[in-house]
Amino acid sequence: MEALEAFQLEQGRRMIAWMRDLWSFPRTLTGEGVRQTLAYLQNQLSDLQLHQIPSGTEVFDWTVPNEWTLKSARLVGPEGVVVDASDNLLHVLIHSQPVDQKISLAELQPFLFSLPERPDAIPYVTSYYRSTWGFCMPHRQRESLPEGEYHAVIDAELRPGQMDFADLVIPGESPDEIVFSTYVCHPNLANNELSGPVMAMALAQYVAPLPKRRWTYRFVFVPETIGAVAYLARNLEHMKRHTRAGFILTCVGDERAYSYMPSRWGNTLADRVVRHVIHHHAPETISYSFLQRGSDERQYCSPGADLPFCSLMRSKYGVYPEYHTSDDHFEVVTERGLAGAFDKHVKIISILEANAVYRTTVVGEPQLGKRGLYPQTSTPGAGLAARDLVNLLAHADGTQDLIGICETIGLDAMKALGMVGTLVHHGLLEECPP
Amino acid sequence: MEALEAFQLEQGRRMIAWMRDLWSFPRTLTGEGVRQTLAYLQNQLSDLQLHQIPSGTEVFDWTVPNEWTLKSARLVGPEGVVVDASDNLLHVLIHSQPVDQKISLAELQPFLFSLPERPDAIPYVTSYYRSTWGFCMPHRQRESLPEGEYHAVIDAELRPGQMDFADLVIPGESPDEIVFSTYVCHPNLANNELSGPVMAMALAQYVAPLPKRRWTYRFVFVPETIGAVAYLARNLEHMKRHTRAGFILTCVGDERAYSYMPSRWGNTLADRVVRHVIHHHAPETISYSFLQRGSDERQYCSPGADLPFCSLMRSKYGVYPEYHTSDDHFEVVTERGLAGAFDKHVKIISILEANAVYRTTVVGEPQLGKRGLYPQTSTPGAGLAARDLVNLLAHADGTQDLIGICETIGLDAMKALGMVGTLVHHGLLEECPP
Amino acid sequence: MEALEAFQLEQGRRMIAWMRDLWSFPRTLTGEGVRQTLAYLQNQLSDLQLHQIPSGTEVFDWTVPNEWTLKSARLVGPEGVVVDASDNLLHVLIHSQPVDQKISLAELQPFLFSLPERPDAIPYVTSYYRSTWGFCMPHRQRESLPEGEYHAVIDAELRPGQMDFADLVIPGESPDEIVFSTYVCHPNLANNELSGPVMAMALAQYVAPLPKRRWTYRFVFVPETIGAVAYLARNLEHMKRHTRAGFILTCVGDERAYSYMPSRWGNTLADRVVRHVIHHHAPETISYSFLQRGSDERQYCSPGADLPFCSLMRSKYGVYPEYHTSDDHFEVVTERGLAGAFDKHVKIISILEANAVYRTTVVGEPQLGKRGLYPQTSTPGAGLAARDLVNLLAHADGTQDLIGICETIGLDAMKALGMVGTLVHHGLLEECPP
C-alpha cells in the first residue's frame, strides 16, 4: 500500500468532504449546476474569477450551446414508475429535448440506454449537439420491463443562456505559468469528474501560501471539450507565450495504479516531470499513448494550440469498469486515493519550483572535504556517501535542467532539492540565466 | 496465401505473357539481345526513348565495352556433343573470346563451370572485362565426363559497337520524379531479370492513364551496373535535382516472402513508403541491410550520386536457390508472384501521390459531429469509429508528411487517403506549400 | 587466453622490470618518493619535463599541500613491535602527523585501520587534508592484539615544499593532441598505481620512433586528483583547444577482463575508438557508467574542463578484491596482463592515426576489377571477398570519419587501415580537409 503521511491524508479527507457537498449539483455543460459548482469553489478560493460566454457564440470550430434546464424526467410503465431523474440525474439522457409521449415498449427501445456488460449500473449518456431524448437505466431492469404502454415525460428547456467557467491565477516571480485544468460538467460522477475540481482546489490552497513561488500558477475550471475550446479561444496567445507546463486533473481519486497520458510528442517539461515522479515514486504507473487520449489534452495539445499538457491520473477514463456509470461514486474515490494523487502533484510542483539550469562554479571537482561535505580519511567506501553530490556537480554543466541532471545520474529530484540548496549556499553551484 | 484481386491477377497474366515473348532474346550487356528486348518494350510503351553509347566511351570510372556477338558455341567430347549454346545461352560463359581448340579433359577443366551444390542446373557466368572463355553445365554432367579429347568451339566476335538502353518519362504536375529502374542484360533468367522489365512495363501502363499525377514518373531500362553508371553519367544533375523516390525493380516475380533492400542510410522517402507498405500489407517481409546490396542501388546510392533508391523484391538476388542458374525460370516466377509485387508497387505509388505535409485549419478539435463525421450521442465506445480521423487531425501540425502522420498514429496510409480527401473537402485540413 | 605476440609480451617484460625498480620509492602526493619516481622516468624518457608547484599555491578550488616526510613509524605493544613502516609504507596512514604516545589498546583503536573482509591484507589509507595519524595492519593481526600499553611513534614532518609532476610532448603533423595521463602518488601498489606509469613509458617509447605521426602526443605524470587539478590549472586553455582524445592510464596490469570508463557523455572520439577496439578485440570488456568513475576523469571531464577523456582498464579500481591493499602486488600485475593492455592501446593509437574523414573520388562504384581489386569472372560468391572494400567505398561520403564508416559497415578499423591505403594509392579515396 502506498505510504502516505498525515498531511496528505488530511488533504484526502478535505477533498472527500468537498465532493460530498458538490455531489448533488446538476452539472451539465451549461446552466445552474455549473453555476452552483463554481459558486461553491469561489467560497473556498476567494480569488477565483468567474467568466461567461453567451449561447451561440462561436469559439473556434464550435458554437456555445443553449442552456438546458431540466425540471423533471420520468418514465412510467404499465406497472408504475420505471425511472425518475429526481432519484439520479443519470436516468435522463443529458440535454434531452422535452417529450410527453405514450408509446409501446418496442417504440421506446431506441430511446433507452443500458450496459449489458455492467447490468446493475446506470450509464451516463449525453447528446449535446443533436436533438433527441432518452432514459438510462440498469440493463437488468431494462430486460425485465413488461410489454404495455409507457409514458415518457421530460420537462426540459433548451434556451439561449450562457456557458460558465472560472479560473484562478496565483502570481509568482516569473510570469510564466504552471497550469492545472479540470472540468465541471458531469453530474453524480466521482472519479471522472469531482476528483478533478477538488484536487485543483487542494493544490491551489497548497500553492497560495508558499513563501516563494518561481512560477505563476493558473487553475482552470471549465466544462469539458467546449469549455476548454472556449478557454483557449479567450486565452490562446497568453497561454502559448507563458505556459511552461500544464496538467489535466481528471480521474485522480481511486486507489488503483497511476496512469500517465503524455502530450502529443511526450517531450514537454510537463511530461518530463511526470515521468520523473512516477519513475521514483509510482513505478507501477501505466503509461498510455497519446492515441488513447480522451480529456482536454485533445484541445490543449491540438496542432493549433500545441501547449505542453499531460496528465497523471489514477485509473484512466474509459478504462476502469465504473467509468461513465452510476457506479463511479464514493466506493471508487477514497481519501487515500485522492491523498496519493495529491502527493504526486505536490512533488511535481516542488520539482518544477527547483527546476533550473545549473552550472558548477569551479574547474575540476571542488574540494568538498574542506566544507564538511566529503569524508577526509580515505577508508574503503568512504566516498559512496557523497556520490550523489559529486555526480550532481559533475553534470551541472549549464546544458540541462535539474530534472535532466537527475535523470542522468539516477537521482530522485526530490532528494536533489536539498543538495542544490547546499551547493548554492557554498558557492559551488549557480543558476544559469534562462 | 496473399489476397489478390482480379485486376492484379490480370496484370500477372499479362506480365507472364510478355516474359514468354522476351525469353529467347540473347541478352548480355550489349548487342542484339538488348536491342530486340528494347524494341519489344517500345512496342508496348510507345513513348519509350532509345539511347546508345559507343563502345569505348568513358562513363565515370568505367568504359563501355565492345559488343559481343555469339554465332555458335559447342563443346564436343569423346562421346559426342556435351553442350551447345543453341540449346541454352547459359551453356557458354557470357562474353567468351573465340576459341577453336582440341584439348584433354584435364586441360579443359579450368574452362568449365558448374555448381556442386545445385548439380542439375547450369550456372550463369560472365566475364565482361577480362578475356577468357568457358562452358557452363550441370555439375552432375560434368562429373560424368569421360577422359579423352574435347573440342571446344566458340564462334564469337568482340567488336566496337554500342551499349543500348531506354527510358520513359510520364509527366505529372510536379517536375519532381518517382523513378523505377530495371535491367535488361541477363539471358534466359526469369526472376533475376525478366520479372523486372515486365513489372516496369505494367507499372508504366498503370501510371500513364491516371487522370491526375502529382509526380512525374521515370522508367529506366539499362544493362545492370555499367548501364546504370552510364545512365547516371548522362542524367546525374537532373536526377539529383528531381528524384523524390526511386525503386530498383528486380526479382519481383516469385511467390515467396517479400524482401526489402534499403538505401544507404535507410531514411529516404523511398524507404519510408516501402517500410510503411510492408508493415501494413506484407509484414513477413525480410529486411536486409544495405551491406547485402547487389543491384543498381550500388550506383544510384553511391556517395557521388546519393539518390533515394531502395527496392522491394520478392526473393532477394543471391539468396534464393535458383538464383543465377538455369532453374530461375517459369516455375519460379508466376502470375500470382508478379501480381503481388504489382499490388505493392501500386500501393507505393498511391501513397506517394497523396503524400504531402498537411495541417489542420482550426484550433482545438474540430466539431466533427455537425459534419456527420462523429457520433452525436455519447454512448460507450461511440468515439472509437472516428478515432483514426481525430488522430489524423490531431497530428496534422504541418511538421510531417502523411506517411509520418500515419506512422505516428498507427494507421495504414492506404486507409488515410480517403480520410484526407474528406477532411480537405470539409475545409478542416489543408496541404502546406512544399 | 588472449592471443598476444612476441612484441607485446616483450613490452610486458620491460614494464614489469620497470615496476620492480620503482616499487620501493615512497610515493605520496608530494616529496621524495615522487621525485625519485619522476627521475627514474626521465632516465627512460629523456625529453620528459619536470614541473613543480610550491605548497600553498591555490589551484582552482584546491590548495597544494605541504610535503610529508616520513622518517620512521612504528607501533610497539606489550609483546614487541606490532608494525613498522620500514617493512611496508602501507603500515602508516599516509600524511600522518608526528606522534610519540603511550596509550592503551582501547585508546589506540580509533587510530588503527584494517579490513574485516580481507583479514590478511594491509589497507591503504590516507588523510591528506585533515590532521590525524594512524597505523594500518591485517585485520587478523589487529584482532589478536593483547591488552596492555602501546607505544605509537611516528617521526614525520609536514612542511612547505612543492608538488612535483612531469609531462612529455612528442610532436606530430598536427598540433592537436592525443593525451595519456597517469598518476604517481601511491606507494607499494601494483595495479592501481605502477601499471599506469610504466604503460605510459612503454607507449611513449612506441610512439616516439614512428616515422610519421598525424597527432602530437602528450604524456602526463601527476599525483592523482590534486595533481590533475594543478595540471589543468596550468594547461587548461591549451588542452581545451588541442585535445582530440585523452586516456587515463590506470589499473592496466592484471589479466582479468577489460573495463571501460566512458567520458561524461560517452560520445567523444576517445570513447568511440575505445568502444571500437573492445568490440572487435575485447568483447568481454565490462562497460561501466561515468557515475562509477574514480580516477582523474573526475578532473578532465568536469564541466569546467570538459575534455574528451575516458579509460580502458583491466580490472577497475574499487572493484577488484586486492584494490587499495597490500595484496595489489606482483601476483596481480603480470607481463601478460600489461602486454594485453599495451596491445589495446597501440590499436587505439593506430586507429586514431588513420582516422580522418574520407570520400570517394568517383560517382558510382569504381571498376575495381581493372585494378585487380575485384574478381573478374562472376562465379557465385565471387564478390564476397571484396565486400568490405566496396562497403568502405560506398560509405566514404565525406560525412563521417573512418571509425564511423567502420561501425556502419561492421568492419574492424584495424583491417580498414590497409584498405584505406590501397584505395588512396589507386586514387579512389581521398581525405577531406578537417
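Residues are numbered from 1 along each chain as its sequence is written, while chains are lettered from A and ligands numbered from 1 in the order in which they are written. As the model is predicted, local features need pLDDT of at least 70 and side-chain atom pairs count only at pLDDT 80 or more, whereas totals for chains, interfaces and linings use all residues.

Chain A contains 12 helices and 19 strands. Here helices (H or I, at least four residues) and strands (E, at least two) are DSSP runs, numbered from the N terminus. The C-alpha trace of chain A spans about 90 × 45 × 35 Å along its principal axes. Of the 434 residues in chain A, 51% are buried. A residue counts as buried if 20 or more other C-beta atoms lie within 10 Å of its own, as exposed if 12 or fewer do, and as partly exposed in between; the C-beta atoms are placed from the backbone. Contacts were also sorted by sequence separation. Two residues are in contact if their C-beta atoms, placed from the backbone, lie within 7 Å. Among the contacts in chain A with a separation of 6 or more, 79% join residues 24 or more positions apart.

Chain A is assigned three domains: domain 1 (6–64 + 162–354), domain 2 (67–159) and domain 3 (357–431). These bounds come from an automatic or database domain assignment. The C-alpha centres of domain 1 and domain 2 of chain A are 31 Å apart. Each of these two domains of chain A gives 16 residues to the contact between them. On the side of domain 1 of chain A that touches domain 2 of chain A, five residues are nonpolar, 10 are polar and one is charged. In this sorting, Ala, Val, Leu, Ile, Met, Phe, Trp, Tyr, Cys and Pro count as nonpolar, Asp, Glu, Lys and Arg as charged, and the others, Gly among them, as polar.

In soluble globular proteins, nonpolar side chains tend to be buried together. The largest nonpolar core of this model has 130 residues. Such a core is a set of buried Ala, Val, Leu, Ile, Met, Phe, Trp, Tyr and Cys residues joined through C-beta atoms within 7 Å. A:Met199 and A:Phe221 have the most contacts inside the core. Helix 5 (residues 190–207) of chain A gives the most to this core, with 10 residues. The partners of A:Phe221 include A:Leu38, A:Leu41, A:Phe165, A:Val184 and A:Pro197, not counting residues up to four places away in sequence. A:Asp167 and A:Thr182 are also among the residues that A:Phe221 touches.

Strand 13 (residues 243–248) of chain A is mostly covered, with five of its six residues buried. Two strands pair if DSSP finds at least two bridges between them. Strand 13 runs parallel to strand 11 (residues 177–183) of chain A, and five bridges join the two. One of the bridge pairs is A:Phe180 with A:Phe247. Strand 13 of chain A also runs parallel to strand 16 (residues 309–313) of chain A, through two bridges. There, A:Gly246 has A:Phe309 as its bridge partner.

A:Thr225 lies in the loop between strand 12 (216–222) and helix 6 of chain A. Its phi is near 60 degrees, a positive value in a residue other than glycine. A:Thr225 is buried, with 20 other C-beta atoms within 10 Å. In chain C, C:Thr225 sits in the loop between strand 12 (216–222) and helix 6 (226–242). Phi of C:Thr225 is near 65 degrees, again positive in a residue other than glycine. C:Thr225 is buried, with 20 C-beta neighbours inside 10 Å.

Turning to the interfaces, 25 residues of chain A are in contact with 21 residues of chain B. Helix 6 (226–242) and helix 8 (297–300) of chain A are the elements that give two or more residues to the side of chain A that touches chain B. Helix 6 of chain A gives the most to that side, with three residues. The residues of this side divide into 13 nonpolar, seven polar and five charged.

Chain C meets chain B through 21 residues, which are in contact with 25 residues of chain B. Strand 17 (357–360) and helix 10 (387–395) of chain C each supply at least two residues of the side that touches chain B. That side of chain C has seven nonpolar, 10 polar and four charged residues.

Chain A superposes on chain B by a rotation of 120 degrees with 0.1 Å of shift along its axis (RMSD 0.1 Å). The two copies are therefore related as by a three-fold rotation axis. In chain A, the C-alpha nearest the axis is that of A:Asn267, 13 Å from it. Copies are superposed by least squares on the C-alpha atoms of residues with pLDDT of at least 70 in both.
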